[in-house]
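Please keep the sequence and the structure in view while reading.

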Amino acid sequence: MSTPILAIKNLHVEIEGKPILKGLTLTVKGGEVHAIMGPNGTGKTSLAQTLMGHPHYTVTSGQVTLDGQDVLAMRTDQRARAGLFLAMQYPSEISGVTTANFLRTAINSLRGEGHQIPLKEFRDRLDETMQFLEMDPKFSNRYLNEGFSGGEKKRNEILQMLMLRPRIAVLDEIDSGLDIDAIKVVAKGVQSLNGPEFGSLVITHYQRILSYLKPDFVHIMMDGRVVKSGDYQLAEELESKGYEWVRAEYSTPL
Amino acid sequence: MATTKPQMLVNDEYQYGFNDGDVGVLKFSRGLTRQTVEEISRIKKEPKWMLDFRLHALDVFFKKPMPRWGGDLGRLNFDDIVYYVRPSENQGRTWEEVPQAIKDTFERLGIPEAERKFLAGVSAQYESEVVYHSIRKDLEEKGIIFTDTDTALREYPELLREYFGTIIPPEDNKFAALNSAVWSGGSFVYIPKGVTCDIPMQAYFRINSENMGQFERTLIIADTGSFGHYVEGCTAPSYNSESLHSAVVEIIVKDDARMRYTTVQNWASNVYNLVTKRAAAYKNATMEWVDGNIGSKLTMKYPAVYLLGEGARGMVLSIAVAGKGQHQDTGAKMIHAAPNTTSTILSKSISQHGGKTTYRGLVHFAPGAENSKSNVKCDTLIMDNDSTSDTVPYSEVADSNVAMEHEATVTKVSEEQLFYLTSRGLSEEEATRLIVMGFIEPFTRELPMEFAVEMNRLIKFEMEGAIG
């Protein structure tokens, strides 16, 4: 496998006619950890949903490519097969479908007809991954996200990511509502994929998870675009100073 | 996201829609008269009491008006129906004895294979008569009787006389009267006191001729402390004109006995499926109806349990799938007539491609049914904007000291669910199927393994017309 490159260029997105993203540009490569921070309502989740092709979002202009291929022309399932993954802030509940059954169906969909994962191999990998994420083995027999606590849902998103092995993962507030031990486990999960064939884009409000993930790049989003980028120090700065200074800087006419 | 164009499920997509040509050795002309009934009884060499029972039922049938509730019966013309078709001269005890054309049909439906694998016994009815019947030797030796109802009338006349028509008399409703007048075939099961039959007995019903009326009559007696599981499946070819399936199933579950009756009906979309199913459950007895309805033009079926003894339990677990031009008017009835009785109804329905599902149910607490409980849950999944669903629950409470819970949900496959699943690589079709499978999982998990596999296959097949 090669090093993936996700390139977002001057992306404009609307929801029900209302502009949400207003010219966002960002490139995520394999081997890199990017963090996106920013106040509520600045378009962070919209970016994540748009990248995965949520039907509510309309791209009005701009480009998104993965290894040069036009992501915006792909259906959601094709994006997944190209190697994109979105750990969702509010994962859906699917009654009657066990987490294990779902995961196997998803892996087989990604692999394609005739390349299904052998049951034993699947079971072994699932057991191993769940152990790594410190999850109760019974978890895989529960219906997907049904009656899961907030923390269990987040952990389940990471479990899926590790099982599906994407090339570029977007993690939308994967740390919200988690205690410190859970955050450590989630961070451990993400780190286990780190390498030249995996890039990640971590959307968060808090510096805490970033102290484990040590992002290479930190971007601040405001009003639908990236207004400031830096390294991990930027996250620490935000933690101590808040967003006001960035806002002041951003709204100062150049 | 992909946009889906709902495609209509047409008749030819019904996979059991083939027919075998006309294989009958004796076929009545259309229409129903006193002579039709007398002739059926004469061919079967029945005792006089049965002929009298039939003729009385025919009177009741003529007198009763067509039901004005439920589904649309406007296109059902009793004069167009053929009331009796005998497909072969004799019933086969071994598979080789079954006529080739019929054998081919059941081979295509997978019956002999299923029998070899996991069944206690098999009965296969083609048109009006049971053409093949077998029961495992060890079960026969335990005293279990599993035969067709015509044979039972000859070989176990005293059991038939005692129980036949006692749970569902001809007066019950117009279609029970019709069945009582012209019944042919069906299963008779008797499980002796304390005997457990832990592998399922299966019956298979197949209509082949156009405008055929199939009127099987099933009677099951689970004697004190016994246990049994009876499973039936049904199919018919697709014709442009209507066929009628109007069965009566009577079950007696004596003290401390437990009986489960599982049906997976997969009729072609030209069949009117109007069935009366009722069980009487005595002291501490348990009756469970597991009822799957796929296909047919109109199904009206409300399996009932009369909880007649203290501590009796009743359960109806059902699914109904309605596609284009189909109406599934199904539900359950629970009559609490003794103290400390409990009932559970879980109804799951799916409507798609303009189909219609109706849950119609009754829970009745008679005076003296104190400390009885009932729990009713109706879940509906609507697949598109052309399809509809109704819930018509009735409850009658004549005893104040009872507990009744009712819950109904209507859901659509949500955009968020589809987005979530497709974001993991599932196509929209796979995602929808997974959601539907999950929805009916509380039903499929109650089926014997082989039936669950078949059920999932049927549902998958039904869904394929829908998702492009």
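## Chain B and its contact with chain A

Between chain B and chain A there is 1 salt bridge, a term for a side-chain nitrogen of Lys or Arg within 4 Å of a carboxyl oxygen of Asp or Glu. The partners are Glu157(A) and Arg424(B), whose side chains meet with a distance of 2.5 Å from N to O.

The model is predicted, so local features need pLDDT of at least 70 and side-chain atom pairs count only at pLDDT 80 or more, whereas totals for chains, interfaces and linings use all residues. Residues are numbered from 1 along each chain as its sequence is written, chains are lettered from A and ligands numbered from 1 in the order in which they are written, and side-chain values use heavy atoms, with hydrogens and water left out.

### The interface

Across the interface of chain B and chain A, 14 residue pairs are in polar contact, both residues being at pLDDT 80 or more. A polar contact is a pair of N or O atoms within 3.5 Å; within protein, one must be able to donate a hydrogen and the other to accept it, and residues adjacent in sequence count only if both atoms are side-chain atoms. On the side of chain B that touches chain A, the elements that give two or more residues are helix 9 (415-422) and helix 10 (428-444) of chain B. Helix 9 of chain B supplies the largest share, 7 residues. Helices (H or I, at least four residues) and strands (E, at least two) are DSSP runs, numbered from the N terminus.

By residue type, this side of chain B divides into 9 nonpolar, 6 polar and 6 charged residues. Here Ala, Val, Leu, Ile, Met, Phe, Trp, Tyr, Cys and Pro count as nonpolar, Asp, Glu, Lys and Arg as charged, and the others, Gly among them, as polar.

In total, 21 residues of chain B are in contact (heavy atoms within 4.5 Å) with 35 residues of chain A. The size of an interface is often given as the accessible area lost when the parts come together. The area buried between chain B and chain A is about 2,200 Å², of which carbon and sulfur atoms give 62%. Buried area is the accessible area (1.4 Å probe) that two parts lose on being put together, summed over both.

### The fold of chain B

Chain B contains 11 helices and 24 strands. Of its 468 residues, 64% count as buried; buried means under 20% relative accessible area, exposed over 50%, and partly exposed in between (1.4 Å probe, protein chains only). Among the contacts in chain B with a separation of 6 or more, 85% come from residues 24 or more positions apart.

### Salt bridges

Over all chains, the structure holds 33 salt bridges. Glu157(A) lies in helix 5 (residues 150-164) of chain A and Arg424(B) in the loop between helix 9 and helix 10 of chain B, so this pair joins two chains. Both Glu157(A) and Arg424(B) are buried. The table gives two pairs within chain B.

| Salt bridge | Closest N and O atoms |
|---|---|
| Arg34(B) and Glu38(B) | 3.3 Å |
| Lys277(B) and Glu232(B) | 3.6 Å |

Where do the partners Lys277(B) and Glu232(B) lie in chain B? Lys277(B) is in strand 14 and Glu232(B) in strand 10 (residues 227-235), 45 residues apart, and the pair links distant parts of the chain. Lys277(B) is buried, with a relative accessible area of 2%, and Glu232(B) is buried with a value of 2%. Salt bridges that share partners join Glu232(B), Lys277(B), Asp291(B) and Lys301(B) into one network.

Arg34(B) and Glu38(B) both lie in helix 1 (residues 34-43) of chain B, 4 residues apart, about one turn of the helix. Arg34(B) is partly exposed because its relative accessible area is 43%, and Glu38(B) is partly exposed at 29%.

### Two buried residues in strands

Thr276(B) belongs to strand 14 (residues 271-281) of chain B and counts as buried because its relative accessibility is 9%. Its side chain makes a polar contact of 3.2 Å with that of Asn173(B).

Arg260(B) belongs to strand 13 (residues 258-267) of chain B and is buried at 8% relative accessibility. The side chains of Arg260(B) and Glu446(B) are joined by a polar contact of 2.8 Å. Leaving out residues up to four places away in sequence, Arg260(B) touches residues including His229(B), Tyr230(B) and Met315(B).
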